[in-house]
Amino acid sequence: MQVAPPHAAPARDRPGPARRLRVVVAGEVRAGKSSVINALLRQPVLPMLSRPGACPAFLVRHAPDEAGTVLLHHGTGATDRAPALDAATDFGGAGLCEVLVDAPHLAGIELVELPSPSNGEVGPEALALMAGADLLVWVSIASQAKRLSERSVVARLPPMRERSVIVLSRGDKLRSAADWDRIEDRVQREAGPFFGAVAFVQAARDAIRASGTDLHPPHPRGPDAPAARAGRAAAHRRDLGPRGLSGLPPM
């Protein structure tokens, strides 16, 4: 999995003033990883793919002069340009799909979506990318959060609570406020040692489009600022435990 050509060093170890903060978005198949990235971008850029094992990793970054460019990077070092990015895109075995967008609120940040393995096993390279991230966002379906398979992956990571967030997708599918409270209580109890915060996300495509109409809103302050900056598609966030997050990259 070639995630960041041409710089091969882990995100936090790359020198130089041009280093971008790396946000790695990971989770199981159909957990809603692309929806979370689209919510952060405030535009539906990544297609909703459900082809485990056939998709590359995605790297999305702000590049207004080249917005709309889709580059396919192969393990051989070759790079192809894809005419479009949608559910029918042929990735041709590429290990990384780099997508350039106009998203000024994410300048200086690169969003990386790790592919879900077809056999459910997360390999050492994917674990290293998660461990080396400036911020790890683990996506889980709200109604199924922190299943045994997910816990086994998180337990293999080094301690990184201060730079990890668990995002619960499909929050709009929960039937009542009591369901929200019940799931949040369970996640706080079980995920608190591993994640500094929890967020519920309702990333419907119309909400994402609506949030993109104003790319320069007033920057909120306080503990809920990172979720609010993700746009109206991010609905709810709370710290886990007494320490919370200290060091989220600026949005």
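A: The structure holds one aromatic pair, formed by Phe58 and Phe91 in an edge-to-face arrangement, with 5.8 Å from centre to centre and 80° between the planes. Phe58 lies in strand S2 whereas Phe91 lies in the loop between strand S4 (79–82) and strand S5 (96–101), so the pair ties together parts that are 33 residues apart in sequence. Rings of Phe, Tyr and Trp (its six-membered ring) pair if their centres lie within 6.5 Å, with planes under 30 degrees apart counted as stacked, over 60 as edge-to-face and the rest as tilted. Phe58 and Phe91 are both buried, where buried means under 20% relative accessible area, exposed over 50% and partly exposed in between (1.4 Å probe, protein chains only).

This is a predicted model, in which local features need pLDDT of at least 70 and side-chain atom pairs count only at pLDDT 80 or more, while totals for chains, interfaces and linings use all residues. Residues are numbered from 1 along each chain as its sequence is written, and side-chain values use heavy atoms, with hydrogens and water left out. Helices (H or I, at least four residues) and strands (E, at least two) are DSSP runs, numbered from the N terminus.

Strand S2 (residues 57–62) also contains Arg61, whose side chain meets that of Glu98 in a salt bridge at 2.7 Å, N to O. Glu98 lies in strand S5 and Arg61 in strand S2, so this pair ties together parts that are 37 residues apart in sequence. A salt bridge is taken as a side-chain nitrogen of Lys or Arg within 4 Å of a carboxyl oxygen of Asp or Glu. Glu98 is buried, at 7% relative accessible area. Leaving aside neighbours within four places in sequence, Arg61 is in contact (heavy atoms within 4.5 Å) with Arg20, Glu98, Val99, Leu100, Val101, Ile109 and Glu110.

The structure holds eight salt bridges, and Glu110 takes part in one of them with Arg22, again at 2.7 Å, N to O. This pair links distant parts of the chain, Glu110 being in strand S6 (residues 109–113) and Arg22 in strand S1 (residues 21–27), 88 residues apart. Both Glu110 and Arg22 are buried.

A further salt bridge joins Arg151 and Glu190, the closest N and O atoms being 3.6 Å apart. It links helix H3 (residues 148–154), which holds Arg151, with helix H4 (residues 177–191), which holds Glu190, across 39 residues. Arg151, at 33% relative accessibility, counts as partly exposed, and Glu190 is likewise partly exposed, with a relative accessible area of 26%. Salt bridges that share partners also join Arg20, Arg22 and Glu110 into one network.

Elsewhere in the fold, six of the six residues of strand S8 (residues 164–169) are buried: Ser164, Ile166 and Leu168 on one side, and Val165, Val167 and Ser169 on the other. S8 pairs in the parallel sense with strand S7 (residues 135–141) over six bridges, and with strand S9 (residues 197–201), also in the parallel sense, over four bridges; two strands pair if DSSP finds at least two bridges between them. Ser140 stands opposite Leu168 in S8, while the bridge partner of Ile166 in S9 is Val198.
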